[in-house]
Amino acid sequence: TLREELGATLRDEIVRLSRDLARERDARRFGEYLQGLQDAEPPVPEPQRLTATRMWRRLSGGRWFPAPAVTRQEDGTMAFAWESTSKPSHLDAIVHPDGGFEWFFLDRETDTRAGTEGDPERVVPEDFLDLACHVI
């Protein structure tokens, strides 16, 4: 019936809006996490914090972008990972204590790979930003 169809449509829209709000909240929390790194224990070096913050601002600037999984490694690097839930793709970024930036992209469907592999860059490169859209 029309009432059932409208009810199902409304439920679907509420689920979608709830999911969008949760994503926005996670992205906002991640931005706050990055801001809080200046007071982290153990301390995060300023060049590393600035590079991580620049990366996030460039990725999320003007649009929603999912917050990554983050780990701080024993060697002092910070690893960021995004795994797509809708596409067979993966994106990693590593920010070194000196602010160096490495990244790796994999599209499992086409076996497309890109990245810096052991050759840290001094800035967040455009090709990293271009491929990031394949993960969301």
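Colleague: Where do Arg 49 and Glu 46 lie, and how many residues apart are they?

Modeller: Both lie in helix α2, three residues apart, which is about one turn of the helix. A helix here is a DSSP run of H or I with at least four residues, a strand is a run of E with at least two, and both are numbered from the N terminus.

Colleague: What should I know about the model itself?

Modeller: This is a predicted model, so local features need pLDDT of at least 70 and side-chain atom pairs count only at pLDDT 80 or more, while totals for chains, interfaces and linings use all residues. Residues are numbered from 1 along each chain as its sequence is written, and side-chain values use heavy atoms, with hydrogens and water left out.

Colleague: Back to Arg 49. What does it form with Glu 46?

Modeller: A salt bridge, with the closest N and O atoms 2.8 Å apart. The term means a side-chain nitrogen of Lys or Arg within 4 Å of a carboxyl oxygen of Asp or Glu. Side chains of opposite charge can pair when their charged atoms come close.

Colleague: Is Arg 49 buried or exposed?

Modeller: Arg 49 counts as buried because its relative accessible area is 11%. Buried means under 20% relative accessible area, exposed means over 50%, and partly exposed is in between, using a 1.4 Å probe and protein chains only. Glu 46 has 41%, so Glu 46 is partly exposed.

Colleague: Which other residues of α2 are buried?

Modeller: They include Trp 56, Met 55 and Leu 59. Ala 52 and Thr 53 are on that list too.

Colleague: How many residues does α2 have, and how far does it reach?

Modeller: It has 15 residues and reaches 21 Å from its first C-alpha to its last. That is close to the 21 Å expected at 1.5 Å a residue. The expected span is 1.5 Å times one less than the number of residues.

Colleague: How many salt bridges does the structure hold?

Modeller: Five. One of them joins Arg 58 and Glu 126, at 2.2 Å from N to O. This pair links distant parts of the chain: Arg 58 sits in α2 and Glu 126 in helix α3 (residues 126–132), 68 residues apart. Arg 58 counts as partly exposed because its relative accessibility is 38%. Glu 126 is also partly exposed, at 47%.

Colleague: And which residue does Asp 98 form a salt bridge with?

Modeller: Arg 122, with the closest N and O atoms 3.8 Å apart. Asp 98 is in the loop between β3 and β4, and Arg 122 is in the loop between β5 and α3, 24 residues away. At 48%, Asp 98 is partly exposed, while Arg 122 is exposed at 52%.

Colleague: New topic, the sheet. What order do the strands take?

Modeller: The order is β1-β2-β3-β4-β5, in an open sheet with antiparallel pairing. Two strands pair if DSSP finds at least two bridges between them. The edge strands are β1 (69–72) and β5 (112–115), and each pairs on one side only.

Colleague: How many bridges join β3 to β4?

Modeller: Seven, between residues 89–95 and residues 101–107. Val 95 has Phe 101 as its bridge partner, and Ser 89 stands opposite Asp 107.

Colleague: What about β2 and β3, how many bridges there?

Modeller: Six, again in the antiparallel sense. Glu 83 stands opposite His 90. A hairpin of five residues joins the two strands.

Colleague: Is β3 mostly covered or mostly open?

Modeller: Mostly covered, with five of its seven residues buried.

Colleague: Which strands does α2 touch?

Modeller: Helix α2 packs on the sheet and touches β2 (78–83), β3 and β4. Contact means heavy atoms within 4.5 Å. The direction of α2 makes about 20° with that of β2. Axes are lines fitted to C-alpha atoms, for helices over the stretch in contact, and angles run from 0 to 180 degrees between N-to-C directions.

Colleague: Last one, the backbone. Is the bond from Glu 41 to Pro 42 cis or trans?

Modeller: It is cis, with omega near -5°. Pro 42 lies in the loop between α1 (2–36) and α2.

Colleague: Which phi does Asp 111 have?

Modeller: A positive one of about 60°, although Asp 111 is not a glycine. It lies in the loop between β4 and β5. Gly 99, in the hairpin of β3 and β4, takes a positive phi near 95°.
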